Amino acid sequence: MTRSIHVGPSPKININSVSGDLSIIGWDGEDMLIKADDDEVRFEQKDGEVILSTDDDLSLRIPKGALLLLQSVDGDVAIRGVTGDIELKAVGGDLSIREAGSIAIDAVEGDFNLRSAKKNLYVKNAQGDVSIRDVEGSVTLDSVADDLALRGARGNIKVNVGEDVVVYLEPKPDGEYSITAGDDILLVLPTN
């Protein structure tokens, strides 16, 4: 099934459950394009909100300014170009996000890779490796089970990591930085 529905420039998109993989791309239009198996997708649209679920893989193109709420995805998740707020409750596989606004994540079972967030990043629990680059706001990672690589964070940093940490840091005079690691910490600072 490929279906297009008009949702406006900044809809609320609530994805209740995806049993497979999820791919989301933000675009300049005001329509949402849904690609999935015909019999497996369920959706409802009311009062500026779209509610979706599927027992298979799901691919979406949504307006860039959408507010995105993901309840549960069993597989991998890839999100690109969504500048509205993103909230994820549970991702069973790997998570990749590029070019986003603010991000709040409860749990990622696999690896997490982020490139370019315009606002704050909060992760409660990540079970795999985490790689983060270019975050305009603060970075808070309550629990990362494996390794962390962090570069280009411009706000405050508070991370708790089970294994190794590599951080490229350009500290600000009024910034707050807290890094806890179970193994090694490599901190790379400017020469000055």
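Me: In β12, which residue is the bridge partner of valine 91?

Reply: This is a predicted model. In it, valine 91 has valine 108 as its bridge partner in β12. The strands concerned are β10 (residues 86-91) and β12 (residues 103-108), which pair in the parallel sense over five bridges.

Me: How should I picture the side chains along a strand?

Reply: In a regular strand, side chains alternate between the two faces of the sheet. For a case to look at, take asparagine 14, found in strand β2 (residues 12-18).

Me: Is asparagine 14 buried or exposed?

Reply: Buried is the label for under 20% relative accessible area. Asparagine 14 has 9% relative accessibility, so it counts as buried.

Me: Which residues does asparagine 14 touch?

Reply: Leaving out residues up to four places away in sequence, asparagine 14 touches Glu49, Val50, Ile51, Leu52, Leu69 and Gln71. With glutamate 49 there is also a polar contact of 3.5 Å between the side chains.

Me: Where does glutamine 127 lie?

Reply: Glutamine 127 sits in the loop between β14 (121-126) and β15. Its relative accessibility is 34%, so it counts as partly exposed. Not counting residues up to four places away in sequence, glutamine 127 touches Val108, Glu109, Gly110, Ala145 and Asp146.

Me: How many residues apart in sequence are glutamine 127 and glycine 20?

Reply: They are 107 residues apart in sequence, and 19 Å apart in space from C-alpha to C-alpha.

Me: How many salt bridges does the structure hold?

Reply: Side chains of opposite charge can pair when their charged atoms come close. This structure holds eight salt bridges. One of them joins the side chains of aspartate 28 and lysine 64, at 3.5 Å from N to O. That pair links distant parts of the chain, 36 residues apart: aspartate 28 is in the loop between β3 (22-27) and β4 (31-36), and lysine 64 is in the loop between β7 (58-63) and β8. Aspartate 28 is exposed, at 69% relative accessible area, while lysine 64 is partly exposed, at 35%.

Me: Which residue forms a salt bridge with aspartate 85?

Reply: Lysine 119 does, with the closest N and O atoms 4.0 Å apart. The two lie in distant parts of the chain, 34 residues apart: aspartate 85 in the loop between β9 (77-80) and β10, lysine 119 in the loop between β13 (112-117) and β14. Aspartate 85 is partly exposed, with a relative accessible area of 35%, and lysine 119 counts as partly exposed at 44%.

Me: Which residue forms a salt bridge with arginine 154?

Reply: Glutamate 136 is the partner of arginine 154, and their closest N and O atoms are 4.0 Å apart. This pair also connects distant parts of the chain, 18 residues apart, with arginine 154 in the loop between β17 (148-153) and β18 (157-161) and glutamate 136 in the loop between β15 and β16 (139-144). Relative accessibility is 40% for arginine 154, which counts as partly exposed. Glutamate 136 counts as partly exposed too, at 38%.

Me: Which residues are linked in a network of salt bridges?

Reply: Glu87, Lys89 and Asp106 are linked in such a network.

Me: What is the phi of glutamate 99?

Reply: Glutamate 99 has a positive phi of about 55°, although it is not a glycine. The residue belongs to strand β11 (residues 95-100) and is partly exposed at 45% relative accessibility. Aspartate 134 is another non-glycine residue with a positive phi, of about 65°. Aspartate 134 is in strand β15 (residues 130-135) and is partly exposed, at 31% relative accessible area.

Me: Which residues form a nonpolar patch on the surface?

Reply: Ile185, Leu187 and Leu189 do, with about 260 Å² of accessible area together. Leucine 189 lies in the segment after β21 (185-188). Its relative accessible area is 47%, so leucine 189 is partly exposed.

Technical notes:
Residues are numbered from 1 along each chain as its sequence is written. This is a predicted model: local features need pLDDT of at least 70, side-chain atom pairs count only at pLDDT 80 or more; totals for chains, interfaces and linings use all residues. Side-chain values use heavy atoms; hydrogens and water are left out. Patches are made of residues with over 30% relative accessible area and no salt bridge: like charges are joined within 9 Å, nonpolar side chains (Val, Leu, Ile, Met, Phe, Trp, Tyr) within 5 Å. Accessible areas come from the Shrake-Rupley method with a 1.4 Å probe; for residues, only the protein chains shown count as cover. Helices (H or I, at least four residues) and strands (E, at least two) are DSSP runs, numbered from the N terminus. Buried means under 20% relative accessible area, exposed over 50%, partly exposed in between (1.4 Å probe, protein chains only). Two strands pair if DSSP finds at least two bridges between them. A polar contact is a pair of N or O atoms within 3.5 Å; within protein, one must be able to donate a hydrogen and the other to accept it, and residues adjacent in sequence count only if both atoms are side-chain atoms. Contact means heavy atoms within 4.5 Å.
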